[in-house]
Number of protein chains: 2
Amino acid sequence: MLREISPRVRRILPSEQENLIRCAARIRTELQQGVKKPYKDLIDVSWGDAHRLGMKPLSFVRQVIAACLYPALLQSGRLPIDAQQRAQRLMAECEGGSVGSYTASRGIPHVQRSVTDFIFRRDGGVPSNPENIFIFNGSQCALSFVLKLLAQGEGLPQTAVLTPVPTYQTFTMALAEQGVMMVPYQLCEEEGWALKVEELRRVLRASRGHCSPRALYVINPGNPTGHVQSRKSIEEVIRFAAEEKLFLMADEVYQGSVHGEESVFVSYKKVLFEMGQEYSDSVELASFHSVSKGFMGECGLRGGYVELVNLDPAVMGVAHMLLSTMSSSAVIGQIALDILTNPPQPGDPSYPSYSKEVRLSQDTLVRNMRLAQEVLGGLPGVSCQVVWGGIYVFPRLHLPPRAVELAKKQGVEADLLYCSRLLEEAGVCAGPGCEHGQKEGTYHLRFCVMTPPENLEEMLRRLKTFHIRFLSEFS
Amino acid sequence: MLREISPRVRRILPSEQENLIRCAARIRTELQQGVKKPYKDLIDVSWGDAHRLGMKPLSFVRQVIAACLYPALLQSGRLPIDAQQRAQRLMAECEGGSVGSYTASRGIPHVQRSVTDFIFRRDGGVPSNPENIFIFNGSQCALSFVLKLLAQGEGLPQTAVLTPVPTYQTFTMALAEQGVMMVPYQLCEEEGWALKVEELRRVLRASRGHCSPRALYVINPGNPTGHVQSRKSIEEVIRFAAEEKLFLMADEVYQGSVHGEESVFVSYKKVLFEMGQEYSDSVELASFHSVSKGFMGECGLRGGYVELVNLDPAVMGVAHMLLSTMSSSAVIGQIALDILTNPPQPGDPSYPSYSKEVRLSQDTLVRNMRLAQEVLGGLPGVSCQVVWGGIYVFPRLHLPPRAVELAKKQGVEADLLYCSRLLEEAGVCAGPGCEHGQKEGTYHLRFCVMTPPENLEEMLRRLKTFHIRFLSEFS
């Protein structure tokens, strides 16, 4: 009987957000039933899910996929010629000409090549090999896959991964699920959530002896922090990983969303290869990307990849074998990935509209980010580091001692209390800092700004009113 | 560094089929390059992948999904009204109205209800609860999920699952990946691959002491055997599971493909609930289904579910939590699942064409199955049990001793030698019995017949010629 559950599974902690999700579902139902509330609808900015928040999909993506699914559309005259051609090309790469067939376990070779061409262009000519590209049902599956490769079995010291704090919860739950220990390193809020190598060194030293730290996980641009690493910072991290023989896991799913004026995205791969052979031939790196985030926002289609660099050929062999135990990933997600990495080019019929839609999405993000920081900056008891990238803001809440005490009595973190009240009283669902990890005694709030401006404006209005009332209630 | 790999990962054995796949890829390339071969193309019947083998998708499925992806099609006047309405209904059930959003982690509630309604109808009124339906990227993911729940951690006796021999390799690899031991039970070839409870009892007794057998896995209709269990046989298995307190894993993905004249599919759930409260209130059951197999054949879209019955509420709680560590499954696969479980009804505009396409597919399967068995029955040194369900035939090869000796010298199983030669000399890729497990000293061949008749006819012609030549070479 299934009474006893594996300790590996038990280790996965319940998500604080689960309670908020349940509460949000209840409020939504009550609103539908006509229960009177001080707000007419619920604004849920707790997910990094652009379409859920009302952003529109890119037409070209949807046209190509619709034609692949229902080729009769090719004769309809309703699709741009380049969308038709792309669909025909991709269908020809599917077994039996159908997106309904399994693909090779690492993905459609043609899409792997689109990915490597993208990486080659992005990194200014650093070579990329299709053999190193593994396509999954999203970057989370790719992360779990790499953790599975990493995790040592029973009897050995527990494998550990250096993990930023704050981070996003899906990653820490994936660690637990794979039986991998988290060695937390603190990002420096005062310096815009920068990653400090001294901190890495400190926690690595402290961890040795009671676990086996084998990898360093970084997420750049940051979730939830919005920090974008400089080339110098990336160099330092790579040097540290090389010295300590750590495997580098670079989560770069927000690479398409860098909006600070002075910041640019530079990939770990590019920096690694520009640091010379001493590094480029030896440091093991996994870099992740996805169709879910940024301007594409296709979370529901499930498409992401990992590029594995400098792995031992024996390990690569195991990686291939491990993948062969899994069914291939969703073909529709693979097609979205093909378009993300090989978008319409100048001169193509869809180029003007594709570029316009991407720009609109990016402009919205930049404007929203500015607005959110302005409003937060004007609130008493709130401080917010400048956000340079990603799709979230993560302000610090300086909560009144009486609110902190009440939360303590209720056995919850003070920012969870804050979020529960914000949800109940203002119909705004945002994520509490405790879900992401934070320095003890500090409190935060995470919300996604990838939403039409009017939605964000309304959300910020409600937050402001609630916040002032909350402060005065507990002052 | 990633030099050492987890023993859990190492335990996954290389697939015999991998070599055949590589060889098939090489032959395909050579044919493209114009290398002369005794055949003009490669026929790959080793996969259970209908579209790869040239079967056509169901139009209604593709119309609905295309419209969900690209709603501009709703105004095109090119889609039947019920396809439009279904698309609108499903989009309304997606967050933000987009199939690009994450869904709830167990799947879209509306689709869960379509699944429970389907089960209710299929099982003649046995109730089904949407809370027990978990939707995944295909049934393989669902199986891995259940195995993860089942697997006990380090330090405890290794969890084991009673598993049929022959079975299909993806399942045994999933067992290895989850660190679960396989306790093989032999199906009885002489009785049409029937499942014998005495055999279950024998292997269970023998296994106790060196592992912890917690579950019994059955696949009905069988893969690769094509056996369809009678109600009486299912009752016996349920009684055995109840006595021995084993969790029942019923893989029923071929439930839509029963074609023997005297056999019908009866679900484990239905039988369980008709055996009275003594059983229906206590036996833990997981039943799996998928959009990949049978007449839908949408392997590439990734959609499947498991229904969990009689699980301890605490275990259900853990199941929910475990799922929340994963991103929701592909929305397109969920939509296909909605159509599989809630197809067009009499009176709907698409009903005639949908039914016709389904019937065509099923007629093809029945005719192909008959033809394959006829041809195999006429071959010397081949015997084949009658196939009642599923999409494969699994004939036994009585190979000449000299062929068996040669294989031994080469360090491979004799049926792998046979398949390698069949591939090289006749351009036909079929699966060797050794990949599926078989009684020592017996040899088999698995191939899928879900393909247009002319394709199967050509494949059987080549098989026949090759087989005669092979026998005479080694006689």
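Two exercises on a predicted model follow, each with a worked solution.

Residues count from 1 along each chain as its sequence is written, chains are lettered from A and ligands numbered from 1 in the order in which they are written. In this predicted model, local features need pLDDT of at least 70, side-chain atom pairs count only at pLDDT 80 or more, and totals for chains, interfaces and linings use all residues.

**Exercise 1.** Describe the open sheet of chain A and the helix that packs on it.

*Solution.* 
1. Find the strands (DSSP runs of E, at least two residues, numbered from the N terminus). Strands pair if DSSP finds at least two bridges between them.
2. Read the order: seven strands, E2-E8-E7-E6-E5-E3-E4 of chain A, with mixed pairing.
3. Strand E2 (133-136) and strand E4 (181-186) of chain A each pair on one side only.
4. Check one pair. E2(A) and E8(A) (304-309) run antiparallel, joined by four bridges. A:Ile133 faces A:Glu307 of E8(A).
5. H5 (109-122) of chain A touches E2 and E8 of chain A, and its direction makes about 120° with that of E2(A). Such angles run from 0 to 180 degrees between N-to-C directions, with axes fitted to C-alpha atoms, for helices over the stretch in contact.

**Exercise 2.** Describe how the two domains of chain A meet.

*Solution.* 
1. Take the bounds from the automatic or database domain assignment: domain 1 is 7-54 + 355-474, and domain 2 is 89-341.
2. Locate the centres: 27 Å separate them, taken over C-alpha atoms.
3. Count contacts (C-beta atoms, placed from the backbone, within 7 Å). 35 residues of domain 1 of chain A touch 33 residues of domain 2 of chain A.
4. Find the main supplier on the domain 1 side: H14(A) gives the largest share, six residues.
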